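Hi,

Here is the structure I promised to pass on. Have a look at it first, and then read my notes below.

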Amino acid sequence: EHAGKSQVIISATHAIRAYDLATGRVIWSCGGMPNNVVASPVAQEGIVIAGASYVRKSMLAINLNGAKGDITDTNKILWRRRTGTPYVPSLLLHKGTLYFFHHYQGFLSKVNGFTGKDSGPFRLEGMGNFYASPVAAKDRVYLTDRTGNTLVLSHEDQPKPLARNRLNDAFSASPAIAGKAIFLRGKKFLYCLGAGTDGD
């Protein structure tokens, strides 16, 4: 939702486009994406951020206010980066802070979504490659790798590891959070982790 209208924003080969949900017409488009885009864009407080890293690395932050027509290389681009961008896992935008992996490897960037300033990257020791996107709840960030590890980080200036949990399974799907439960879909099983009967 922006300025009272619903926009459908798609990041794909060579461009990002916004469509009017009511009519299907293109509201704006912006070049700069590589081919084979996998990660989904994120939006918050009037900005959209999209990134990809197949062959060529690219990430763009777009100001939605007044965005119309072809906005490639205009002042609607708040910031951009050409290194350390995500491939398979999507971005996480949590309270104005952007979290994402470098390609799908165990390096995590923590970026101010409005300025593009990077306070990382942080090497995630003991973690494998990532296909699952990072998720957040209650000022905690959850990172699940392909080998069954979930690392829990604090959401603060210098993220601290709070826990590392392991399941004997392989995970490519992103975790889903609903209420007090987190759902993890592995290669073998679907897991629901949440509050016990004692309410903890």
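**What I found**

Let me start with Asn63, which counts as buried because its relative accessibility is 18% (buried means under 20% relative accessible area, exposed over 50%, and partly exposed in between, with a 1.4 Å probe and protein chains only). Asn63 sits in strand 6; strands here are DSSP runs of E with at least two residues, helices are runs of H or I with at least four, and both are numbered from the N terminus. Leaving out residues up to four places away in sequence, Asn63 touches Gly46, Lys76 and Leu78, where contact means heavy atoms within 4.5 Å. Thr13 is 50 residues from Asn63 along the chain, and their C-alpha atoms are separated by 20 Å.

Before going further, a word on what you are looking at. This is a predicted model, in which local features need pLDDT of at least 70 and side-chain atom pairs count only at pLDDT 80 or more, while totals for chains, interfaces and linings use all residues. Residues are numbered from 1 along each chain as its sequence is written, and side-chain values use heavy atoms, with hydrogens and water left out.

How confident is the predictor? The mean pLDDT of the chain is 93, and 98% of its residues reach 70 or more; pLDDT is the predictor's confidence in each residue, from 0 to 100.

**The whole chain**

How many helices and strands are there? The chain has 19 strands and zero helices. Its C-alpha trace spans about 55 × 35 × 35 Å along the principal axes.

Of the 200 residues, 46% are buried. The accessible surface comes to about 10,500 Å², and carbon and sulfur atoms account for 50% of that; the areas come from the Shrake-Rupley method with a 1.4 Å probe, and for residues only the protein chains shown count as cover. If you take contacts between residues at least 6 apart in sequence, 37% of them join residues at least 24 apart.

Phe100 is buried because its relative accessible area is 0%, and Thr97 counts as buried at 14%. Beyond its neighbours within four places in sequence, Thr97 is in contact with Leu92, Lys110, Val111 and His155. With the corresponding neighbours left out, Phe100 touches a list of residues including Met59, Arg81, Gly84, Leu91, Phe107 and Val111.

Pro134 comes in the loop between strand 12 and strand 13 (135–137). Is Pro134 buried or exposed? At 4% relative accessibility, Pro134 counts as buried. Its contacts, leaving aside neighbours within four places, include Ser90, Leu92, Tyr99, Phe101 and Tyr142. Pro134 and Gly4 are 130 residues apart in sequence, with 29 Å between their C-alpha atoms.

Lys57 is in the loop between strand 5 and strand 6 (58–63) and counts as partly exposed, at 36% relative accessibility. Outside the four places on either side in sequence, Lys57 touches Ala52, Arg81, Arg82, Thr83, Gly84 and Thr85. Tyr87 is 30 residues from Lys57 in sequence, and the two are 8.8 Å apart, C-alpha to C-alpha.

Glu45, in the loop between strand 4 (42–44) and strand 5 (47–52), has a positive phi near 50 degrees without being a glycine. Ala3, in the segment before strand 1 (7–12), is not a glycine either, and its phi is positive at about 55 degrees. Ala3 counts as exposed at 76% relative accessibility, and Glu45 is exposed with a relative accessible area of 65%.

Cheers
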